[in-house]
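Subject: Handover of a structure and its description

Dear colleague,

Please find the structure below, followed by an account of what was found in it. I would be grateful if you could read the two side by side.

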Amino acid sequence: MASSHYEVLGLSCDSSLGCIKKAYKERLLSSHPDKTRNDSSSVEVNKIQEAYKVLSNPELREIYDKSLKDDQKKQGLHSSGDGLDEYSLDEFCFNPAICEYCMDCPRCHGKDGFHFSEGTLEEHCQERASGGFLVLAQCSACSLWLKVNFDLAEEYEQADV
Ligand SMILES: [Zn+2]
């Protein structure tokens, strides 16, 4: 699969315009043909310029972001959690007896359709680009996937009380 414009510039999908400009200059400098005198790097420069042209233009970027998301959906990827309903861990009940977070399923209304232990949370959480963490959880009754956002440090503090 071809590299995305973000990968070409070494950026994450939520990078600011300032970051994009900075990354563009750095990439361009490090792969300038005059500097390296090699054909493959001129191909690279084209890619960098194309990536920058799209990402530095808010309208083009929006269209591009949308096409990226559509591609991910087509591939059935759940790794990023894109397109899933988001919930906060605050909306879950913590059951100290079994050390599990529980929530009734918003789709099938199954009692405690979502439940996972603190261990599962720590093991499977991913860092969010915007800060904090997320874990992808699945309803045990209807297989609905949800994205659960949380802040690990805060949860630890609460657990210590
Ligand atoms: Zn369910």
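Basis of the description

This is a predicted model, in which local features need pLDDT of at least 70 and side-chain atom pairs count only at pLDDT 80 or more, while totals for chains, interfaces and linings use all residues. Residues are numbered from 1 along each chain as its sequence is written, and side-chain values use heavy atoms, with hydrogens and water left out.

The pLDDT is the predictor's confidence in each residue, from 0 to 100. Its mean over the chain is 83, and 80% of the residues reach 70 or more. Among the elements of the chain, strand 3 has the highest mean pLDDT (94), and helix 7 (residues 152-160) has the lowest (52).

The zinc site

C108 is one of the protein donors of the zinc ion; the donors are C105 (SG), C108 (SG), C139 (SG) and C142 (SG), lying 2.3 Å from the ion. Donors are N, O and S atoms within 2.8 Å of the metal (3.2 Å for Na, K and Ca); water is not among the atoms, so sites may look incomplete. Along the chain, the donors follow the spacing C-x2-C-x30-C-x2-C. C108, in the loop between strand 3 (100-103) and strand 4 (114-117), and C139, in the loop between strand 6 (133-138) and strand 7 (145-150), are 31 residues apart, and the pair links distant parts of the chain. C139 is buried, with a relative accessible area of 3%.

The arrangement is tetrahedral because the four donor atoms subtend angles of 106 to 112 degrees around the zinc ion. Four donors count as tetrahedral if all angles lie between 85 and 135 degrees; four count as square planar and six as octahedral if opposite donors are over 155 degrees apart and all others between 65 and 115, and anything else is irregular.

Two other residues deserve mention here. H109 is in the loop between strand 3 and strand 4 and has a positive phi of about 60 degrees, although it is not a glycine. H109 is exposed, at a relative accessible area of 61%. D112 is found in the loop between strand 3 and strand 4; its phi is also positive, about 50 degrees, and D112 is not a glycine. D112 is partly exposed, with a relative accessible area of 27%.

Strand 3 and strand 4 run antiparallel and are joined by four bridges; two strands pair if DSSP finds at least two bridges between them. Y101 stands opposite F116 in strand 4. In a regular strand the side chains alternate between the two faces of the sheet. Strand 4 has F114 and F116 on a covered face, and H115 and S117 on an uncovered one.

The sheet around strand 7

Four strands form an open sheet of mixed pairing, in the order 1-7-6-5. Strand 1 and strand 5 (126-127) are the edge strands, and each pairs on one side only. Strand 1 (residues 85-88) runs parallel to strand 7, with four bridges joining them, and Y87 stands opposite V148 in strand 7. Strand 6 and strand 7 pair in the antiparallel sense over six bridges; Q138 stands opposite W145 in strand 7.

Strand 7 is mostly covered, with five of its six residues buried. F150 is found in strand 7 and counts as buried at 5% relative accessibility. F150 is the bridge partner of F133; the two are 17 residues apart in sequence and 5.3 Å apart in space, C-alpha to C-alpha. Strand 6 and strand 7 form a hairpin with six residues between them, and S143 in the turn has a positive phi of about 70 degrees.

The chain as a whole

There are seven helices and seven strands in the chain. Helices (H or I, at least four residues) and strands (E, at least two) are DSSP runs, numbered from the N terminus. Buried residues make up 32% of the 161 residues.

With kind regards

Note on methods. Buried means under 20% relative accessible area, exposed over 50%, partly exposed in between (1.4 Å probe, protein chains only).
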